[in-house]
Amino acid sequence: MIFLDASNFVEGSNRAFYIIMGIGFFFLIGLTTTMLYFSYRYNKKRNPVATQIVEKPILEITWIVIPLIIVLFMFYYGYIAFKPMREAPSDAYQITTIGKMWEWNFIYPNGKESKKLVVPLNKPIKLKLISLDVVHSIYIPAFRIKEDMVKGEPDFMWFVPTQLGRFDIFCAEYCGVRHSYMTSEVNVISQADFDKWVSVVEKKSKKDELKGLQIIKDNACTGCHSLDGSKIVGPSFKNLYGTSRIVITDNTERTVKADDEYIKTSIIDPNKDVVKDFPPAMKSYKDVLKDEDIKQIIEYLKTPDDK
């Protein structure tokens, strides 16, 4: 769907792309042809005695000025395509967009949350971009827009969807082993359908979402620790509590029990006891999670797997 004209930025982006690519192909073909001609015309058989070329200031100035003009020409079309992307209308509908390893989450003004971006047709949409962990980059090819998301540095992007349908969303910045799985979609629907959809807000019950699990998800822990036993960056949370773990402590291998103290230490000082066969890649959450948060996480890990 990369070639669909699905947003207000398509025309300017396409124009800049075609101009720059056209200039690039012109010089690729022109310089290659010139090189082949010179190789034929001035080979040793046809030109046995090398010719000394006297410097020509006019020629040197020409091949400096003309490329400069061409570069400025390309810059101009790139700039006029980029500038509107940083000028969001004041009446744009704002949606908070959260990127974390390895999923997207879209939060609407009324509190509705969705893993897919649903927007109304022909209405300015402003995405408030927030990363909870590493650098991500939200990329919607059919809209010709992409913006990096850096933790601690909120940013934004905006667009006007001009075509009904579903369009891919990718993360365009490598963010870990499951980077390629960090996908979603934009669903562009009519204003009437959007009003109906956004008005339905699902309320989470404690049975559906334990507080400890919510803390785990909010801090992107599931990006490195699975809940189903699969191995990714770090050991899985499945059947963790009460089991024996082989860890590396000060370059010495030992066996410990995954009890309350072990879990708390793993959160605030993760590199003290590193589980065997896993890299010491985790950062400390000492200044991120409160003691009560850690207790809630431990209580969640104590619950059976059919929770």
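This is a predicted model: local features need pLDDT of at least 70, side-chain atom pairs count only at pLDDT 80 or more; totals for chains, interfaces and linings use all residues.
Three strands make up an open sheet, ordered β12-β11-β13, with antiparallel pairing. The edge positions belong to β12, residues 252-257, and β13, residues 274-275; each has a single partner strand, so one side of each is left without a neighbour in the sheet.

Strand β11 covers residues 244-249, and its antiparallel pairing with β13 rests on two bridges. Val 247 has Val 275 of β13 as its bridge partner. Towards β12, which also runs antiparallel to β11, there are six bridges. There, Arg 245 is partnered by Val 256. The two strands β11 and β12 form a hairpin with two residues between them, and Asp 250 in that turn has a positive phi of about 50°.

Which residues of β11 are on its covered face? They are Arg 245, Val 247 and Thr 249, while Ser 244, Ile 246 and Ile 248 are on the uncovered face. As a general point, side chains in a regular strand alternate between the two faces of the sheet.

Arg 254 and Asp 273 form one, with the closest N and O atoms 3.1 Å apart. Arg 254 is in strand β12 and Asp 273 is in the loop between α5 (260-268) and β13, so the pair ties together parts 19 residues apart in sequence. Arg 254 counts as partly exposed at 36% relative accessibility, whereas Asp 273 counts as buried at 11%.

Next, the cores. The largest nonpolar core has 38 residues, and those touching the most other members are Ile 95, Tyr 108, Leu 117, Leu 127, Ile 138, Phe 143 and Phe 159. Strand β8, residues 155-159, gives the largest share of this core, four residues. Apart from it lies another core of 21 residues, including Ile 267 and Leu 289.

Leaving out residues up to four places away in sequence, Ile 138 touches, among others, Thr 97, Trp 104, Phe 106, Leu 127 and Met 149. Thr 97 belongs to strand β1, residues 93-100, and is buried, with a relative accessible area of 0%. With neighbours within four places in sequence again set aside, the contacts of Thr 97 include Trp 104, Asn 105, Lys 128 and Ile 138.

Now to helix α1, which spans residues 10-41 and contains Tyr 18. Tyr 18 is exposed, at 54% relative accessible area. Together with Phe 17, Met 21, Phe 25, Leu 28 and Ile 29, Tyr 18 makes a nonpolar surface patch of about 640 Å².

The helix also holds a salt bridge. Glu 11 and Arg 15 lie four residues apart in α1, about one turn of the helix, and their side chains meet at 3.2 Å, N to O. Glu 11 is exposed at 59%, and Arg 15 is partly exposed at 33%.

How many salt bridges are there in the whole structure? The search finds 13. Another of them joins Glu 185 and Lys 116, at 3.6 Å, N to O. Glu 185 is in strand β10 (residues 183-189) and Lys 116 is in the loop between β3 and β4, so this pair ties together parts 69 residues apart in sequence. Glu 185 is buried, with 15% relative accessible area, and Lys 116 is partly exposed, with 40%. Finally, Arg 86, Glu 147 and Asp 155 are linked in a network of salt bridges.

Notes:
Residues are numbered from 1 along each chain as its sequence is written. Side-chain values use heavy atoms; hydrogens and water are left out. Two strands pair if DSSP finds at least two bridges between them. Patches are made of residues with over 30% relative accessible area and no salt bridge: like charges are joined within 9 Å, nonpolar side chains (Val, Leu, Ile, Met, Phe, Trp, Tyr) within 5 Å. Accessible areas come from the Shrake-Rupley method with a 1.4 Å probe; for residues, only the protein chains shown count as cover. A salt bridge is a side-chain nitrogen of Lys or Arg within 4 Å of a carboxyl oxygen of Asp or Glu. Buried means under 20% relative accessible area, exposed over 50%, partly exposed in between (1.4 Å probe, protein chains only). A nonpolar core is a set of buried Ala, Val, Leu, Ile, Met, Phe, Trp, Tyr and Cys residues joined through side-chain atoms within 4.5 Å. Contact means heavy atoms within 4.5 Å.
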